[in-house]
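Thank you all for coming; I would like to take a few minutes to walk through one model with you. Please have the sequence and the structure open while I talk.

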Amino acid sequence: MHGHDRGVNYVSLNGLIGIRSSIRENILRRPIRLASVGAAVLVAATLFASPAFASTQSSQNPVFVQTDNLSGNSIVAYDAADNGTLTKAGTYATGGLGGALGGSVTDHLASQGSLSFDSGHNLLYAVNAGSNTISVFSVSGDKLTLNQVISSGGDFPVSITVFGGFVYVLNARSGGSLQGYVVDGTKLDLVSAWHRNLGLNTGGSPEFVNTPGQVLFTFNGLGLVVTTKNASNALDIFGVDSSGDLTATPAVDSLPGTIPFSAAFDFTGRLVVAEAGANAIGTFLINSDGTLTTISRATTGESLSCWVVEDGDADYVSNNGSGVVSGFFDNQDGALSSLGNTGTDAGTEDPAVSADGHFIYVQTGATGTVDEFSVNSSNGSLTRIGSVTVPGGAGGEGIAIG
């Protein structure tokens with residue numbers, strides 16, 4: 001393990017001080033309405049003993065889907081009706097090319113977070129894996145304006161994350177690397193000093209299993225998490241200082257044989273990890289030195305449990321090999337219990353939750369579709385309400401809510 005290279009406190013999740021805006025939003029969209037962050041801490045500590053799932057109401061935020069098409073990447077925008085169904089609103093070229101990792105069939109990037117919405121600046125970031133670039137769009141409702149195409153600072157970008165005015169992209173090939181940026185108006189400024197080579201063994205076969213899968217900021221922005229999949233079967237966790245720079249080296253948290261593919265943060269700020277090798281989901285505390293403490297783990301009973309998304313008290317895992325989404329109740333202590341499985345079209349991939357938490361949208365790469373589901377308010381189960389075909393989207397990945 002590597003400790004504090006520059007005295008940075010990675011996360012400090014043992015309390016709920018400094019809850020970031022997205023965690024507050026996740027708590028506030030639940031049936032209980034909180035008056036303050038202090039109240040949020042109190043409720044998170046004492047009142048989450050039983051499931052409290054979203055109820056079906058209006059969903060007005062647009063849904064953006066990335067095609068990752070090899071002949072020209074694009075973003076397809078959809079309007080969401082009050083009942084959660086989607087209608088195509090427009091298609092926007094990114095100015096770059098999609099890419100495909102060796103051996104991939106339905107998920108050419110083998111990643112989560114390749115499309116990221118920045119609510120603080122009303123920007124959408126897309127990776128162009130085949131061009132080693134990032135596209136930056138301004139968002140106005142369901143309309144996008146391309147502002148910039150900028151280098152990813154590495155080879156084959158697959159995931160991008162934002163916190164405040166800082167953005168980091170994960171490059172998957174050539175051992176993997178991170179590159180950081182500062183948001184400057186409607187564009188990004190690349191900071192050359194914010195580059196880190198990960199030194200992973202990305203040359204294994206098949207390639208798509210042996211490349212890193214996701215980068216994401218911790219809930220308070222003091223850490224940066226990288227899932228390495230089979231490259232090292234670990235989570236690499238960097239500290240982030242107040243300027244946005246990373247520690248020189250990460251804490252390396254080994255999870256042998258699990259193939260940690262993707263991650264999210266639950267309503268208390270605990271790390272939730274989808275483990276493709278173990279076909280499982282795990283919850284963890286990130287300690288102040290970047291090490292992990294395991295809280296709970298549950299198996300999905302499915303095949304290739306690769307993607308995970310959080311929705312209030314529930315976590316949903318996309319199982320690519322078996323074509324289902326597995327739901328889990330995530331209680332106040334981080335213990336996991338099954339909410340059952342729901343079928344999708346073939347090649348279950350990247351999921352996204354509507355801004356109000358009432359609907360879940362799941363990319364399915366074999367058919368190039370997005371499946372639409374409503375969340376049952378009483379038990380967290382999913383009901384399929386429709387599906388849309390994404391033009392040129394077979395094998396594509398990347399979905400974000402505006």
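What is the mean pLDDT of the chain, and what percentage of its residues reach 70 or more? The mean is 87, and 85% of the residues reach 70 or more, where pLDDT is the predictor's confidence in each residue, on a scale from 0 to 100. Residues are numbered from 1 along each chain as its sequence is written, and side-chain values use heavy atoms, with hydrogens and water left out.

Let me begin with the parts to be careful about. Over residues 1–8 pLDDT stays under 50, and the model has 27 contacts there beyond four places in sequence, a contact being heavy atoms within 4.5 Å. Residues 11–59 also stay under 50, with 108 such contacts beyond four places in sequence. Where pLDDT is low, the predicted coordinates should not be read in detail.

Now to the aromatic residues. A search of the whole structure finds 5 aromatic pairs, where rings of Phe, Tyr and Trp (its six-membered ring) pair if their centres lie within 6.5 Å, and planes under 30 degrees apart count as stacked, over 60 as edge-to-face and the rest as tilted. One of them joins Phe166 and Trp194, which are edge-to-face at 5.6 Å centre to centre, with 85° between the planes. This pair links distant parts of the chain, since Phe166 is in strand 9 (residues 166–171) and Trp194 in strand 11 (residues 187–197), 28 residues apart; strands here are DSSP runs of E, at least two residues long, numbered from the N terminus. Trp194 counts as buried because its relative accessibility is 7%, given that buried means under 20% relative accessible area, exposed over 50%, and partly exposed in between, with a 1.4 Å probe and protein chains only. Phe163, Phe166, Tyr168, Trp194 and Phe217 form one aromatic cluster.

Leaving aside neighbours within four places in sequence, Leu144 is in contact with Phe64, Ile75, Tyr92, Leu124, Phe137, Ser138 and Val139. The C-alpha atoms of Leu144 and Phe64 are separated by 9.8 Å, although the two residues are 80 apart along the chain.

Next, some backbone details in the loops. The peptide bond from Ser205 to Pro206 is cis, with omega near -5°, and Pro206 is found in the loop between strand 11 and strand 12 (214–217). Asn122, which is not a glycine, has a positive phi of about 55° and lies in the loop between strand 4 (115–118) and strand 5 (123–128). Ile259, again not a glycine, has a positive phi of about 50° and sits in the loop between strand 15 (251–254) and strand 16 (260–265). Are these two buried or partly exposed? Asn122 counts as partly exposed because its relative accessibility is 36%, whereas Ile259, at 18%, counts as buried.

Definitions and conventions
Helices (H or I, at least four residues) and strands (E, at least two) are DSSP runs, numbered from the N terminus.
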